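Thanks, everyone; please have the sequence and the model open while I talk. I will go through the strands, then an aromatic pair, then confidence.

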Amino acid sequence: EEEGEEEGEGEEGDEEEGGESVGDEESGSSSGSHGNRGRSEQPLCTGDSVSAGGSGPTSPLETPSSSRAPEALNPLKALAMVAREKRKEQGSVAKEDNSRKRKLTTLEEIRMKEEQRKEKMNRRENWITEGIVVKVVHQKLGEKYFNKKGVVQEVLQDLFTGIVKMVESGDKIKIDQAHLETVIPAIGKQVLVVNGAYRGLRAVLESLDTEHFCVSIRIDQGTTRGRLVEGVPYEDVSKLDS
């Protein structure tokens with residue numbers, strides 16, 4: 001019987017030891033599961049923080065898609081958007097310009113047609129006219145007359161040659177208009193339109209455009225008196241002899 005009791009105590013000891021080993025296994029598996037969960041949570045947290053653009057760790061319960069930042073705009077799409085905006089701006093400006101042109105055409109249509117008709121009718125090759133001041137530009141006439149001014153006294157039958165009385169010397173010379181040029185006076189002085197739509201009419205010089213070699217004049221006689229005409233070439237007007 002004593003031996004049986006000792007064997008029984010031995011079995012209980014073994015069971016206790018076995019229980020301890022089971023306990024160790026449970027504690028090991030528990031600690032292992034915690035360790036594994038710790039390792040599995042770490043990459044999730046790291047992944048979340050990376051996808052959020054380094055904004056910090058997020059809760060392990062959040063899904064990666066909930067913390068993902070919006071994708072960057074494609075450069076080609078950005079360029080296309082800029083191009084569309086520019087086209088819209090250009091289109092609106094073009095519409096405004098067209099509307100202005102339409103209004104201008106409506107208001108000036110009769111005048112433009114009239115000027116075009118007169119331009120075709122009055123534009124001629126000969127321009128020399130009695131009573132205007134001209135400048136001699138023919139070097140072969142010598143220093144006595146070159147770059148000197150004179151007044152046209154008479155226009156001959158060919159309509160291209162005139163008798164010019166020189167201002168300084170008082171000499172009269174017969175000269176072709178090809179060796180003369182018109183003279184532009186000071187602003188506010190009278191001129192004669194010698195070619196173009198308003199040919200033969202007196203006008204007052206309003207302004208000069210030296211960059212484009214033209215002037216603005218205000219018609220001083222006839223049915224168009226008071227009309228401002230801009231962009232008249234130098235060669236179409238000349239100073240009137242006072």
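Strand S1 (residues 133-136) and strand S2 (residues 149-155) pair in the antiparallel sense over three bridges, where strands are DSSP E runs of at least two residues, numbered from the N terminus, and two of them pair if DSSP finds at least two bridges between them. Within this pairing, Val133 stands opposite Val151 in S2. This is a predicted model, in which local features need pLDDT of at least 70 and side-chain atom pairs count only at pLDDT 80 or more, while totals for chains, interfaces and linings use all residues. Residues are numbered from 1 along each chain as its sequence is written, and side-chain values use heavy atoms, with hydrogens and water left out.

S1 and S2 belong to an open, antiparallel sheet of five strands in the order S4-S3-S2-S1-S5, and its edge strands, each pairing on one side only, are S4 (172-176) and S5 (180-182).

Turning to side chains, a search of the whole structure finds one aromatic pair, meaning rings of Phe, Tyr or Trp (its six-membered ring) with centres within 6.5 Å, called stacked if the planes are under 30 degrees apart, edge-to-face if over 60 and tilted otherwise. The ring centres of Phe213 and Tyr234 are 6.1 Å apart with planes at 85°, so this pair is edge-to-face. Phe213 lies in the loop between strands S7 (202-209) and S8 (214-219), and Tyr234 in the loop between S9 (228-233) and S10 (237-239), so the pair ties together parts 21 residues apart in sequence.

Finally, pLDDT, the predictor's confidence in each residue from 0 to 100, averages 75 over the protein chain, with 61% of the residues scoring at least 70.

How values were computed: Helices (H or I, at least four residues) and strands (E, at least two) are DSSP runs, numbered from the N terminus.
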